[in-house]
Amino acid sequence: MLKPAPARAAPPAALLPLGAGLRVVARGTAALLALWWPMGAVAQVVTPCDWQVSAENLAEPWEDNTRTFANGAIRLAVLDTAEPAAAAFHLLVLSPPVDMLGLRQCRVVAMPGPTGFGFLTLQGATAAYDPARGLTVTLSGGTYDDRGQPVAGTVRVTINQATGQITANLDQRQ
């Protein structure tokens, strides 16, 4: 004789359809972000590639969210992890030095925490090379304030191909 299936608890918020409670989560996350990061220059976190780096997280359309620099040796791509809603964007950096298989190092630039940016775009990105420091790419990005309003800024990522060092900061203006 078959027994009825036990009653199930409601699914966790992470499994609810996109948009269910999203505004509440976005506002709460925005408020926390506003408390954590004062306006001005904020050093960003640069970490080895982890869960954020997945083909499903490449921001669409791909042709607008990926760029190469230094004759193709450096590739940047915007990642959209969807959550947290107010901080879902990360920057993927593939750059020299290469390992013994010829593969570039893989790094992710994010806000401290490490959560992502509220918004990030490669459209209009510029690059400048300084032999002593490396290639500095400047792009638009930012976070949200405690009212859920966007606070635009400039993200600067410096990639030294010789040493593999990558540094990044976000300069925000109000």
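Leu-101 counts as exposed, because its relative accessibility is 70%, where exposed means over 50% relative accessible area, buried under 20% and partly exposed in between, with a 1.4 Å probe and protein chains only. This is a predicted model, in which local features need pLDDT of at least 70 and side-chain atom pairs count only at pLDDT 80 or more, while totals for chains, interfaces and linings use all residues. Residues are numbered from 1 along each chain as its sequence is written, and side-chain values use heavy atoms, with hydrogens and water left out.

Leu-101 sits in the loop between strand S5 (89-98) and strand S6 (104-110), strands being DSSP runs of E with at least two residues, numbered from the N terminus. Together with Met-100 and Leu-103, Leu-101 makes a nonpolar surface patch of about 440 Å²; such a patch takes residues with over 30% relative accessible area and no salt bridge, and joins nonpolar side chains (Val, Leu, Ile, Met, Phe, Trp, Tyr) within 5 Å.

Which residue does Cys-49 join in a disulfide? The partner is Cys-106, with S to S at 1.7 Å, and a disulfide here is a pair of cysteine sulfur atoms within 2.5 Å. Cys-49 lies in the loop between strand S2 (45-48) and strand S3 (66-69), and Cys-106 in strand S6, so the pair ties together parts that are 57 residues apart in sequence. The link is left-handed, with -85° about the S-S bond, and Cys-49 counts as partly exposed at 27% relative accessibility.

Turning to charged side chains, the count comes to three salt bridges, each a side-chain nitrogen of Lys or Arg within 4 Å of a carboxyl oxygen of Asp or Glu. In one of them, Asp-171 meets Arg-156 at 2.5 Å, N to O. Since Asp-171 lies in strand S10 (residues 166-172) and Arg-156 in strand S9 (residues 150-159), the pair ties together parts that are 15 residues apart in sequence. Elsewhere, salt bridges that share partners join Asp-145, Asp-146 and Arg-147 into one network. Is Asp-145 buried or exposed? Asp-145 is buried, because its relative accessible area is 11%, whereas Arg-147 is exposed, with 62%.

Methods:
Patches are made of residues with over 30% relative accessible area and no salt bridge: like charges are joined within 9 Å, nonpolar side chains (Val, Leu, Ile, Met, Phe, Trp, Tyr) within 5 Å. Accessible areas come from the Shrake-Rupley method with a 1.4 Å probe; for residues, only the protein chains shown count as cover. Helices (H or I, at least four residues) and strands (E, at least two) are DSSP runs, numbered from the N terminus.
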